[in-house]
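Biologist: Please take me through this model and set each term beside the rule behind it.

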Amino acid sequence: MTQLVRFDPFGEFGSLRRAMDRLFEEFAPAHPLRNGDVEFAFPVDVSDNDEAITVKAVLPGIKPEDVEITVSDGVLTIRGESREEAKEEKENYYRREIRYGSFSRSLPLPTRVNQENADASFTDGILTVTLPKAADVRPKTIKVKGGTKAA
């Protein structure tokens with residue numbers, strides 16, 4: 001028995017849209033909602049060597065005194081606030097993309113750190129946090145001693 005199927009010219013667009021949505025979710029930065037407002041995310045680089053973990057965060061236009069850094073239970077949290085300049089009532093904006101308000105980002109650290117010896121610096125809008133690794137997780141070099149041949 002032959003079954004008649006109705007042709008839907010836009011049916012393939014649904015799968016195309018789902019594929020495009022997946023693509024944008026993968027590559028676009030997430031903007032989580034907090035209290036109905038969009039919270040802005042800032043990019044970070046996390047690297048390590050034998051001695052320390054280094055985190056670099058791009059925070060253009062932010063003043064060092066407006067940034068707070070905490071380390072707790074293996075998680076580094078960077079939070080702060082971007083304050084808007086006083087605006088004139090006569091200004092008509094065609095586009096407003098600069099975000100103001102509080103921001104926060106928490107990053108799990110890949111290993112235990114000595115938070116008492118942590119250091120942070122802020123240069124040209126780049127925050128650099130250096131977290132020395134805990135002594136028990138640092139690589140240890142063992143020297144080989146020479147000996148005599150057994151007879």
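Predicted model: local features only at pLDDT ≥ 70, side-chain atom pairs only at ≥ 80, totals over all residues.

Modeller: Residues are numbered from 1 along each chain as its sequence is written, and side-chain values use heavy atoms, with hydrogens and water left out.

Biologist: What makes up the protein in terms of helices and strands?

Modeller: The protein has one helix and nine strands, and their order from the N terminus is α-β-β-β-β-β-β-β-β-β. Helices (H or I, at least four residues) and strands (E, at least two) are DSSP runs, numbered from the N terminus.

Biologist: How much of the protein counts as buried?

Modeller: Of its 151 residues, 21% count as buried. Buried means under 20% relative accessible area, exposed means over 50%, and partly exposed lies in between (1.4 Å probe, protein chains only).

Biologist: Which residues have the most contacts inside the largest nonpolar core?

Modeller: They are Leu59, Leu76 and Ile78, in a core of 18 residues. A nonpolar core is a set of buried Ala, Val, Leu, Ile, Met, Phe, Trp, Tyr and Cys residues joined through side-chain atoms within 4.5 Å. Two or more residues each come from β4 (52-58), β5 (67-72), β6 (75-82), β7 (101-108) and β9 (126-132).

Biologist: What does Leu59 touch, leaving aside residues up to four places away in sequence?

Modeller: Leu59 touches Phe42, Val67, Phe103, Phe122, Gly125 and Leu127, where contact means heavy atoms within 4.5 Å.

Biologist: Why is the pair of Lys133 and Asp48 called a salt bridge?

Modeller: The rule asks for a side-chain nitrogen of Lys or Arg within 4 Å of a carboxyl oxygen of Asp or Glu. The closest N and O atoms of Lys133 and Asp48 are 3.3 Å apart, so the pair qualifies. Lys133 lies in the segment after β9 and Asp48 in strand β3 (residues 44-48), 85 residues apart.

Biologist: Are these two partners buried or partly exposed?

Modeller: Lys133 has 11% relative accessibility and therefore counts as buried. Asp48, at 47%, counts as partly exposed.

Biologist: How many salt bridges does this rule give?

Modeller: The count is three. Another joins the side chains of Arg79 and Glu68, at 3.4 Å from N to O; Arg79 is in strand β6 and Glu68 in strand β5, 11 residues apart. Arg79 has a relative accessible area of 34% and is therefore partly exposed. Glu68, with 42%, is likewise partly exposed.

Biologist: What distance separates the closest N and O atoms of Arg112 and Asp136?

Modeller: The distance is 2.0 Å, and the two form a salt bridge. Arg112 lies in the loop between β7 and β8 (119-123) and Asp136 in the segment after β9, so this pair ties together parts 24 residues apart in sequence.

Biologist: Why is Asp136 called exposed, and how is Arg112 classed?

Modeller: Asp136 has a relative accessible area of 58%, so the residue is exposed. Arg112 has 49% and is therefore partly exposed.

Biologist: Where is Asp66, and which residues does Asp66 touch beyond four places in sequence?

Modeller: Asp66 sits in the loop between β4 and β5. Its contacts at that separation are Arg79, Gly80, Glu81 and Arg83. From C-alpha to C-alpha, Asp66 and Arg79 are 8.4 Å apart in space, and they are 13 residues apart in sequence.
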